[in-house]
Amino acid sequence: MNVDIGNALASVASPGVSRESLERLDNHVAAAHERIERGMENQAHGYEALNLPQRTDPDEIRAAVEPIADAETLFTVGIGGSSLGAATITNALESDTETIFLDNVDPEWITSHLERVSLENAAINVVSRSGTTAETLANFLVVREAFESAGVDWTERTIVTTGESGPLRELADRHDLPALKVPDGVPGRFSALSAVGMVAAAVCGHDLEALLEGAAAEAETLSGSLFECPAYAYGATAYALDERGAGVNAMMPYAESLETSAEWFAQLWAESLGKDDLGQTPVRALGVTDQHSQLQLYRAGPRDKLVTFVTAQEGTDRQIPDTDVAELSYLGDATLGELLEAEFEATEASLAAAGRPNVRIEIERVDEYELGGLLYGLEAACVLAGELYGVNTFEQPAVEWAKNATRGLLGGGEFEEAEAVADKTELRVER
Ligand SMILES: O=P(O)(O)OC[C@H]1O[C@H](O)[C@H](O)[C@@H](O)[C@@H]1O
């Protein structure tokens, strides 16, 4: 990926970062890069995620999915980091396999999927690093039962990706299910380029090698200067803008196929950096759609936002047909791709003209290679930002707190967090 931080400079935007400040920050980037490299070398928790392009074995993943490779529909049962990476990849790329990501426990929604899909031609991909996440296990039990009721042997149609031990691993062993391992030292939100994100891609027939090669090429760019490394340029600029008041980061890809990448990014950024009263709030947006809803706020609301654009340089195009309505004739000279590009450039310029900081991330096209680079680049940007903030990027105690409270409430063990639910302060206004 390439990154253009010109519109984040203080000469353009407020808040903005001066060239001198960036040069000073670059010393911290160099020191952070040394820590990151050391972490990668030592395979330290979290940093190990940046080694995935070398560690992930595409043959192992393809062999494991072999029994379900014919699936017309793939249910991926997982949540957060055990769903969003896979969804980002498969929602971005064309495939004949339909993918459904069960990452919510809304009974109506789950039932509507299970009733609509022909389960004889479907398969299940259960993913949970811990193997204990209540939503994932509950959904798996529901889906499994639906397969049984439809007369489909779910044990022949299920693949599991989980940690070395835990309830899901036990279940996989008991039923002799093909099971892949979540690599050690890789938190869920950094695991898109492991089996966690790539099983669904393999079932969909995507090019796993190209995903990893794109990521590996991005890894090659990691170096001790933000001026030489697109990922660090982005991470350092986002951090510096947050320090100057841009506490919100609106991720706005200009490609429908990349919409899920903004969701994935939101988890990455929020869960990794939201600690010790620090962190930048990620917001999900989509170009051009949200130009017509959120842009007003971004251009004229509080000066507390960075807008991050992601744009693909080339892709499939389609001519806009001619019309005899004179006022619309200019459209007939253009393609939808040109319209998209013009809208992106106009939006970027409109923010810059109003002095609102924005950054442009460019990929060449939406394919496996470029996606691998984008995922890896944003992960590296996040790791760098975590170093600059001085937070523990790879833990998520605040999320674990609510997980424990939920389990306690459902009688899944003694969790003191559950007691806080009864202590809720009320000030009710009733009709
Ligand atoms: O993969 P699992 O163990 O099921 O966890 C799924 C998700 O659960 C929690 O919400 C964590 O905070 C996330 O980081 C994680 O991705």
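## Burial and the cysteines

A residue is called buried when its relative accessible area is under 20%. In this predicted model, Cys382 has 0% relative accessibility and is therefore buried. Cys204, with a relative accessible area of 10%, is buried as well.

A disulfide requires a pair of cysteine sulfur atoms within 2.5 Å. For Cys382, the closest cysteine sulfur belongs to Cys229 and lies 14 Å away, so the separation is too far for a bond. The disulfide count is zero.

## Packing of H1 and H10

Two packed helices are described by the angle between their axes and the distance between the axes. Helix H1 spans residues 19–41 and helix H10 spans residues 230–243; they pack at an angle of about 120°, and their axes are 11 Å apart. H1 and H10 are therefore oblique to each other. The crossing of H1 past H10 is right-handed.

On the H1 side the contact involves Leu22, Leu25, Val29, His33 and Ile36, and on the H10 side Tyr232, Ala236, Thr237, Tyr239 and Ala240. Sorted by class, this contact of H1 with H10 contains eight nonpolar and two polar residues, with no charged residues.

His206 sits in the loop that lies between helix H8 (195–203) and helix H9 (208–220). Its relative accessibility is 7%, so His206 counts as buried.

Leaving aside residues up to four places away in sequence, His206 touches Thr90, Leu93, Glu94, Ser95, Ala201 and Glu368.

Note on methods
Residues numbered from 1 in each chain as written. Predicted model: local features only at pLDDT ≥ 70, side-chain atom pairs only at ≥ 80, totals over all residues. Heavy atoms only, no water. Axes fitted to C-alpha atoms, helices over the stretch in contact; angles between N-to-C directions. Helix = DSSP H or I, 4+ residues; strand = E, 2+ residues; numbered from the N terminus. Parallel < 35°, antiparallel > 145°, perpendicular 65-115°, else oblique. Left-handed = near helix turned anticlockwise from the far one by under 90°. Contact = heavy atoms within 4.5 Å. Nonpolar A, V, L, I, M, F, W, Y, C, P; charged D, E, K, R; others polar. Buried < 20%, exposed > 50% of the residue type's maximum accessible area, 1.4 Å probe, protein only.
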